[in-house]
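Please work through each task with the model in view before reading its solution.

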Amino acid sequence: MDTLSRDELNELAASYGVGLPDAQAETVRDLVNDFLAPLDAIEEVQTPADRSEETGERSWRRPDPGADPCGAVVHRCDVPPAGDGPLSEMTVGVKDIMSVAGVPMECGSDVMRGFVSGRDATVVERMREAGARVTATLACDEFAGSARGTTGSGGPVRNPHDLERTASGSSGGSAVAVADGTVDAALGSDTGGSIRMPAAVCGVVGLKPTHGLVPLAGVAENTYTQDHVGPLATSVADCAQVLSAIAGKTPDDPGSMVAAGRDTYRVGGYVEAAADPPAAADITLAVVEEGMAKGVRDEVVDRTASALDLLRDAGVTVERVSIPEYHQTPVVKNLLSLSELAAHWRAGGAPYRRGGVVDPGYQDALQTRTRANPDRLGAFYRSKLLAGAQLLERGGRRYTRAQAAREVVREAFETALDGVDALVAPTMPDIAPRIKDVADPGFDWSLNTRPADVTRQPAMSLPVGRVEGMPVGLHLQTGAFEEASLLGVAARVEATLD
């Protein structure tokens, strides 16, 4: 490690607000360099990522021109299963922020174009061990940082129901690939609704699990306290099968170990719950008034109300509930996300808070490529990054306040869930906007999906019909680690509305 000069140390001290008095300058410089000198030895210390991994026969290629009109597929690949299990005979795709050994992982960004990971993400390992064949990596917004479906380096991800409309984001490619039959199921990630929004506008099922239930090892970081990975499929049953394969703790992701230590932690029972759902008469749903009010298109409200009428006719109890804290979630979520994003980039991709879950090859690539090619970042993502940088420059008080406020919001949702099986709202306030309108669609994209990322509770979107020929989703949210109950309720709703 290079030694620091007096001027470099002055600049470093100033950037951290600690200064460097002249009387201490020489002593501090020598001590700093003494601290740093032995640390290069870490390169000789073995880590799990240094161990060789047998990947077997794998291949990949770019999709053929014209074969993917929606722009959903980044790479066609053939990564065979590593075992037999409940996902045997299933083809799966993964969002382009999840590492598949030997296949490029480009995170929807020109900055990472051509990067190839040497290891499978934990979720990829688990799906392959359960019998799945990975056949595609799927398009996303740049570094999974937008709901628009238009900020990825490959261009917009188009909605299969109307190619002039967006598939939303950031997991747009995952939703499209399921909707058009490219894969049987896919994985997406969700920080503000990025699984559930594309699922809703593309007419498929999308599930965001409880934070920490599904390990993030090998998944590019976005915001370390709100990142989630979950399945998209054409049915609740298939979502349950995939979740069953990928859920559960691992030492590779300390966050999953922390989650497993909570009193409410539960894992498993998903397939059984979806296969044997409760009777309609045993289900109580609570419609969140704030999720059906101002900002939600009248026709979407009507479509949701019609679905609820059908459920009520089948025997489901439908109540109404108000959560005034609902409208506090934008400022809480954005303060947390922007600050954490900037902190991650300032650290050169080091996963300080998530633990050792980032592939060191990806971390090195991110750091060297962004510094060598800073002009390759898109304007939208760059703007988010710099907004977060400004928050960090102003100190951490607002971030700390947002962390505390998140607990107030979570408690409000827990109170609203008392005595009911799930909270209900439209997944999206409107149908998918036209691509030309995504910068200003006239509604808040994540009005009804954002709260579950702030509370970090499980939530999912189910198709419930159409408005102007475009799919509309119903959003269900429940308590932490209650995925089995959620899937059971969703299966009954799905069967009733089929």
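A charge patch is made of residues with over 30% relative accessible area and no salt bridge, like charges being joined within 9 Å. The model is predicted.

**Exercise 1.** Identify the residues that form a patch of positive charge on the surface, and classify Arg401 as buried or exposed.

*Solution.* Step 1: the patch brings together Arg394, Arg397, Arg398 and Arg401. Step 2: Arg401 belongs to helix α13, residues 397-417. Step 3: exposed means over 50% relative accessible area. Arg401 has 61% relative accessibility and is therefore exposed.

**Exercise 2.** Describe the salt bridge between Glu26 and Arg29 and its place in the chain.

*Solution.* Step 1: the two side chains meet at 2.8 Å, N to O. Step 2: both residues lie in helix α2 (residues 22-36), three residues apart, or about one turn of the helix. Step 3: Glu26 is partly exposed at 39%, and Arg29 is also partly exposed, at 23%.

**Exercise 3.** Determine which parts of the chain are linked by the salt bridge of Asp78 and Arg133.

*Solution.* Step 1: the closest N and O atoms of Asp78 and Arg133 are 2.7 Å apart. Step 2: Asp78 is in strand β2 (residues 73-79) and Arg133 in strand β4 (residues 133-138), so the pair, 55 residues apart, links distant parts of the chain. Step 3: relative accessible area is 32% for Asp78 and 32% for Arg133.

**Exercise 4.** Decide whether Asp190 and Arg196 are buried or exposed.

*Solution.* Step 1: Asp190 and Arg196 form a salt bridge at 2.9 Å between the closest N and O atoms. Step 2: both residues are buried.

Key. Residues numbered from 1 in each chain as written. Predicted model: local features only at pLDDT ≥ 70, side-chain atom pairs only at ≥ 80, totals over all residues. Heavy atoms only, no water. Patch = residues over 30% accessible without salt bridge, like charges linked within 9 Å, V, L, I, M, F, W, Y side chains within 5 Å. Areas by Shrake-Rupley, 256 points an atom, 1.4 Å probe, with all protein chains shown as cover. Salt bridge = Lys/Arg side-chain N within 4 Å of Asp/Glu carboxyl O. Lys, Arg positive; Asp, Glu negative; His and termini not counted. Charge placed at Lys NZ, Arg CZ, Asp CG, Glu CD. Helix = DSSP H or I, 4+ residues; strand = E, 2+ residues; numbered from the N terminus. Buried < 20%, exposed > 50% of the residue type's maximum accessible area, 1.4 Å probe, protein only.
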